[in-house]
Number of protein chains: 2
Amino acid sequence: MKTFSLFHYFKVKIDRIKNNVYLYSEISIYLMKRKVTLKQIARELDVSISTVSKSLRNSLEISEDTRQKVQAFAKLYNYKPNNIALSLKNKKTKTICIIIPEIIHHFFATVISGVENVANENGYNVLVCLSDESFDKEVINMEMLANGSIDGFIMSLSKETQQKKDFHHIVEVINQGMPVVMFDRVTNEILCDKVIIDDNLAAFNATQYLIDKGFKKIGLISTVDYVSVGKLRTEGYIKALKNNDLKIEENLILKIEDTENFEESIANLLANNEIDAVFAVNELFAVTAIKEANKLGKKVPEDISIIGFTDGIISKYSSPSITTVSQNGVKMGGKAAKMLIERLEAEEEDEEQYKTEVIETELVERESTK
Amino acid sequence: MKTFSLFHYFKVKIDRIKNNVYLYSEISIYLMKRKVTLKQIARELDVSISTVSKSLRNSLEISEDTRQKVQAFAKLYNYKPNNIALSLKNKKTKTICIIIPEIIHHFFATVISGVENVANENGYNVLVCLSDESFDKEVINMEMLANGSIDGFIMSLSKETQQKKDFHHIVEVINQGMPVVMFDRVTNEILCDKVIIDDNLAAFNATQYLIDKGFKKIGLISTVDYVSVGKLRTEGYIKALKNNDLKIEENLILKIEDTENFEESIANLLANNEIDAVFAVNELFAVTAIKEANKLGKKVPEDISIIGFTDGIISKYSSPSITTVSQNGVKMGGKAAKMLIERLEAEEEDEEQYKTEVIETELVERESTK
DNA sequence: TTTCAACACGAAAACGTTTTCGGTGTATAA
DNA sequence: TTATACACCGAAAACGTTTTCGTGTTGAAA
């Protein structure tokens, strides 16, 4: 029994501790070695577990003398309370889970960063789960963790979930009393706190920006409609055109389904139409548009202007760098975490109404527009 | 007491269950509502907790009859065992923690992705902690989680930790019997499992590649030496030059300390020297070199060739796309997770010797070299 | 000397599991 | 009828905490 031998390593030292001779300076060297529990300290010091616990928490019930003795001993063995036991007792884990479709998307990475910051400031840990855009993985993750492992969820829906419109797993979790905050890819069918950007407005502004520059034939590279943000951004684009009495031309609108091999579709869009500007709903589409334009002998921004969405690594370091709608992921994640934690620490479900926070976007002008 | 009223909602149904009339088809509708425990089921069914537990685990000690009754009831109330309680009992949390300096670096994001995959396959969850390149945050995170919250660590050292060379927090954790796997930014001062790439060799190969193309004046953009990978890559570069009897010119070697505002340094390097090729130790430096070269009127790859390190988003989508040393983060994370889990599930610390796995790199040829 | 408060500490319950061990009751064999 | 076996079930310990309540000792006041 390794845990026992531990107590005989520094017999001399311990006896001195017991006799209230505290040698703090000598103690730090012996910090190492296995986990020690209240029970073990209690046994060794010939007091009860309660006494040890109270001593360490500086309870007034305990005499100055034993308190110091216990604390010195605990320090010697580097006692730290077991978090799992505390979680069980308190019915709180101080851990929140964020479920995102993919981590390699820069935007989601920044959101995690924002969540982590705020969570840590408030003493929470962050569990990251990747749904991989899969409905099943989303469900499994949630069911797995909803059984005491965490205190609440922050999530952005997977594509498949948005397509199926099946949200039973989320409803169940909420019904069990566990708070959920959705961000970015949300749905109206679930009642919970949400934090989003005004995709519609942002797209409208971006398109308007192009129109103001004098462009008439503005292409749109979007996603299929079941991706909520794709749909909203498409609507914003259309609204801007209508507002300026420009014709909506179906062949200028490209809706990409597959995230692989979309280069050809974009090349076709650019080749077969007299487009003088493009609004792309993400930075991948934007940078690909630049590449394909170059291949067709069209220079950016001289021959064609391009605006992207999401201010990530690509937009910043592409040549030319890309004018884009900046969507502050860090702020978004931070806000989501704040909302979740506030709800967790509210006096037992005030059942106060759910809120939807809108993070403002900003158009970052770079080299891809003129 | 909300938890009680629950038991009176569907009184009729329950009575039928008790009388062994199992109506599975009707059950699914009532899945919702709060967490139910073994104790509650036991009380309601007038059996002991042990019986309920055994029934649900299909113990042979329990009669077919009560087993079915209990299982039907548990299903009705969507019983799921409490993970925290299980963790406490089993002294295993089935959670591993990955500590990385920053999540917005594409490479680290891919590592997380690899860790997540392997972890999930083996029934583990992944807790992500960001050290933010800070020693203190690294220490706090580790101390916080080493108290039962997780089963093991996967980590890459923060810059500050590498600079201070203070690894006491890691030693302590290991001494407590918690396995640690280090990746990418590792140190020889710690004995544990590691997974790295052969930075030296990879840099050597990349430099050799440039030399083979006929370049003589090859610049190096590296980091300061306390960043282990920066140092190793620098050594590889120097070795390649020496091997080919090329002069090592100090003014062709740029060591960047600050990750902000390094553009000027790079511009100076390119402006003040007759450089015909550059090897950069990460993709940020590589893409910046391209930008600065362009500003100086030098075209890539016509006037100057550039090789980067880490095959990330930037290298792929930059124009021109960047020839780079591909460092497979997913594979690296997967390997690290595999090593950690194997150690966790080994028959109680065989104390088998620690291993260091080397992930092979690959030179991905793109447009930035000719 | 008796009474009472203050003090210092311990026992035990609770959180939700799993598992070991022991104890019923019934049926079968002697 | 008695002994044995077996099927079925419950009590209790264990994981590591915190907290409530109870209890014994001490000293001072009556």
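A: Let's begin with a term: helices (H or I, at least four residues) and strands (E, at least two) are DSSP runs, numbered from the N terminus. Residues are numbered from 1 along each chain as its sequence is written, while chains are lettered from A and ligands numbered from 1 in the order in which they are written. This is a predicted model, where local features need pLDDT of at least 70, side-chain atom pairs count only at pLDDT 80 or more, and totals for chains, interfaces and linings use all residues; side-chain values use heavy atoms, with hydrogens and water left out.

Now to the DNA. Of the surface near DNA strand D, α5(A) gives the largest share, 4 residues. Here "near" means that a heavy atom of the residue lies within 4 Å of the strand. At least two residues each come from α4 (38–45), α5 (49–56) and α7 (83–90) of chain A, and from α5 (49–56) and α7 (83–90) of chain B. In total, 28 residues surround DNA strand D, and the closest are S53(A), T51(B), K54(B), E61(B) and K91(B).

Which parts of the DNA face the protein? Of the atoms of DNA strand D within 4 Å of the protein, 58% belong to sugar or phosphate, and the rest to bases.

For K39(A), an N or O atom in the side chain is 2.9 Å from a phosphate oxygen of DNA strand D. At N82(A), a polar backbone atom is 3.2 Å from a phosphate oxygen of DNA strand D.

Note on methods
A polar contact is a pair of N or O atoms within 3.5 Å; within protein, one must be able to donate a hydrogen and the other to accept it, and residues adjacent in sequence count only if both atoms are side-chain atoms.
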